[in-house]
Every structure is written in structure tokens, then in C-alpha cells.
Amino acid sequence: MKLTWLGHATWLIEAAGGRAILDPFLDDNPAASMKAAQVEVDTILLSHGHFDHMADAAAIANRTGATVVANYEIATWIAKTAGVKNVVGMNLGGSTSVSIGTLKMVPAWHSSQLPDGTYGGAPAGFILTSEGKRIYFACDTALFSDMQLFTHGGLDVAVLPIGDFYTMGIDDSVLAAKLLGARMVLPTHHGTWPPITVDTDEWGAAIHRDTSSKAIVLKPGEAIEI
Ligand code: NI
Ligand code: MN
């Protein structure tokens with residue numbers, strides 16, 4: 001399995017023979033390592049309706065034919081307003097089989113409104129089970145103690161926001177990592193703009209000091225194999 005950070009909260013996930021992109025925000029993202037037109041995927045995962053998570057979703061879906069997996073409100077909206085043909089509209093607590101493995105949609109503490117002001121349903125995170133591994137993408141969220149429930153079955157990787165202001169910052173992200181006990185933690189949702197630019201060295205040092213996890217800080221375009 002390979003995880004590539006494309007900048008901001010956008011991840012390319014290659015697993016089980018499939019290729020998925022999480023929260024595609026590339027063309028208007030000053031930190032992106034590629035453009036939306038270069039993305040080749042079969043699945044698009046959307047955590048919530050904010051612009052910085054789905055700006056390029058419809059264009060990629062309509063060009064590649066990829067299936068958009070999101071909550072019911074977003075899946076319905078993108079089909080209706082952008083003519084996306086293949087959509088899966090699920091909801092919190094549910095699981096579904098996708099090209100990269102089994103995906104469970106879990107709660108996130110955030111908000112969600114679609115770009116035209118439409119209600120975007122509940123914001124979400126995802127737990128991917130694939131190739132015998134479990135990966136938790138917290139997506140945009142504050143710290144919440146129910147995260148501990150996601151550790152059932154163990155976690156190989158937790159991808160946590162660290163940028164503060166819109167989501168958890170460094171301190172709460174370290175607390176989250178402590179609750180999760182994943183083998184590896186990767187930061188996301190940081191460095192894109194000044195309000196969410198934080199010191200990743202400070203974060204990595206705190207993870208190593210206060211948790212049993214290994215912190216892996218990628219630059220946009222960099223990947224890890226799990
Ligand atoms: Ni958001
Ligand atoms: Mn965001």
C-alpha cells in the first residue's frame with residue numbers, strides 16, 4: 001500500500017490494485033504537488049463539503065469516470081449539480097467495499113457546507129482496511145475522545161490534521177495520537193496558508209516524546225509504503 005501526500009488534505013491511496021484520491025484540492029491549492037488534470041484514479045473519497053476538500057472532485061470524476069464516495073448529501077449534490085455519474089452516498093458508521101479496500105465512514109467534529117451554500121451533511125473521517133492493514137484518516141476534526149473506539153483492531157497508520165485554526169493543532173493532535181496508538185502518524189491539513197502553517201519539527205518531536213507512534217512528515221508529492 002502506498003500513501004502519497006499531494007498537499008493540504010489531499011492524499012493519493014494506492015492499495016489492493018485500486019487508486020483513490022481523498023479530498024482533491026489541487027488547482028487552487030498553493031501547496032499542491034500536481035494538477036487535477038494529472039490525476040488518474042478510480043475512486044474519489046470526500047470527507048465533507050468544504051471547498052478545500054472537493055474543489056476538483058467533479059472535474060476528476062467526470063474525466064476519469066471514478067466513483068465518488070461521500071455522505072448521502074454530498075453524493076446527491078455532486079451527481080445533481082455536476083453530472084457525476086458514479087456516486088456512493090453512505091453515512092456515518094457504515095462500511096462499503098471500494099477499489100482500495102473496505103472503507104468505513106466515521107464521525108469528525110467539524111462543519112460541512114457545500115460551495116453553493118447547500119447543507120453538506122455530517123463531516124466524516126474514514127477507516128480503510130486493506131491488505132491486512134488499518135489506516136485512519138481523521139480528516140478535518142477537533143480532538144474527541146471517541147476516537148479511541150477506532151483503535152479496535154489496531155491501527156497501522158493515523159493521518160491527523162495538525163494545522164490548527166480550522167482543525168486540531170499540534171497539542172491536540174499529539175493527544176489524539178496518544179489515544180490512537182497507531183504504528184505511524186502522518187500530519188495533514190497544514191502548511192497551505194499562513195493560518196494553518198505550523199512547525200512540523202515541533203509536532204514530530206512531541207509525537208516521539210509523548211506517544212509510542214512514529215511521526216512521518218512528508219512534503220507535498222512524497223509518499224510512504226506501508
Ligand atoms: Ni473543512
Ligand atoms: Mn479543510
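This is a predicted model: local features need pLDDT of at least 70, side-chain atom pairs count only at pLDDT 80 or more; totals for chains, interfaces and linings use all residues.
1. Manganese donors. Four protein residues supply donors to the manganese ion (ligand 2): Asp52 through OD, His53 through NE2, Asp140 through OD and His189 through NE2. These donors lie 2.1 to 2.2 Å from the ion. Along the sequence, the donor residues follow the spacing D-H-x86-D-x48-H.

2. Chain segments at the site. His53 sits in helix α1 (residues 51-54), while His189 belongs to the loop between β12 (184-188) and α5 (200-210). The two histidines are 136 residues apart, so the pair links distant parts of the chain. His53 has 0% relative accessibility and therefore counts as buried. His189, at 1% relative accessibility, counts as buried as well.

3. The nickel ion (ligand 1) is 3.1 Å from the manganese ion (ligand 2). Asp140 coordinates both ions.

4. Asp140 is buried but has no salt bridge. For Asp140, the nearest side chain of opposite charge is that of Arg134, 20 Å away. The side chain of Asp140 makes a polar contact of 3.3 Å with that of His48, and another of 3.2 Å with the side chain of His189. Beyond four places in sequence, Asp140 touches His48, Asp52, His53, Ala108, Trp109, His110, Thr167 and His189.

5. Helix α5, buried side. Which residues of α5 are buried? They are Thr200, Trp203, Gly204, Ala206 and Ile207. Viewed down the axis of α5, these residues fall within an arc of 160°, so they line one face of the helix. The buried residues of α5 pack against α4 (170-180), β12 and β13 (214-215).

6. Helix α5, other side and start. Asp201 and Arg209 are exposed residues on the face of α5 turned away from its buried side. At the start of α5, a side-chain oxygen of Asp199 comes to within 2.9 Å of the backbone nitrogen of Asp201.

7. Helix α2. In this helix (residues 57-64), the buried residues are Ala57, Ala58, Ile60 and Ala61. Around the axis they cover an arc of only 165°, and therefore they lie on the same side of α2. The packing partners of the buried residues of α2 are β4 (43-45), α1, β5 (67-71) and α3 (72-82). Gly65 follows α2 and has a positive phi, near 80°.

8. Thr10. Leaving out neighbours within four places in sequence, Thr10 is in contact with Thr4, Trp5, Ile21, Leu22, Asp23, Pro24, Phe25 and Leu26. Thr10 and Ser33 are separated by 23 residues in sequence and by 10.0 Å in space, C-alpha to C-alpha.

Notes. Residues are numbered from 1 along each chain as its sequence is written. Chains are lettered from A and ligands numbered from 1 in the order in which they are written. Side-chain values use heavy atoms; hydrogens and water are left out. Donors are N, O and S atoms within 2.8 Å of the metal (3.2 Å for Na, K and Ca); water is not among the atoms, so sites may look incomplete. Helices (H or I, at least four residues) and strands (E, at least two) are DSSP runs, numbered from the N terminus. Buried means under 20% relative accessible area, exposed over 50%, partly exposed in between (1.4 Å probe, protein chains only). Lys and Arg count as positive and Asp and Glu as negative; His and the chain ends are not counted. A salt bridge is a side-chain nitrogen of Lys or Arg within 4 Å of a carboxyl oxygen of Asp or Glu. A polar contact is a pair of N or O atoms within 3.5 Å; within protein, one must be able to donate a hydrogen and the other to accept it, and residues adjacent in sequence count only if both atoms are side-chain atoms. Contact means heavy atoms within 4.5 Å. The arc is that of the directions from the helix axis to the C-beta atoms.
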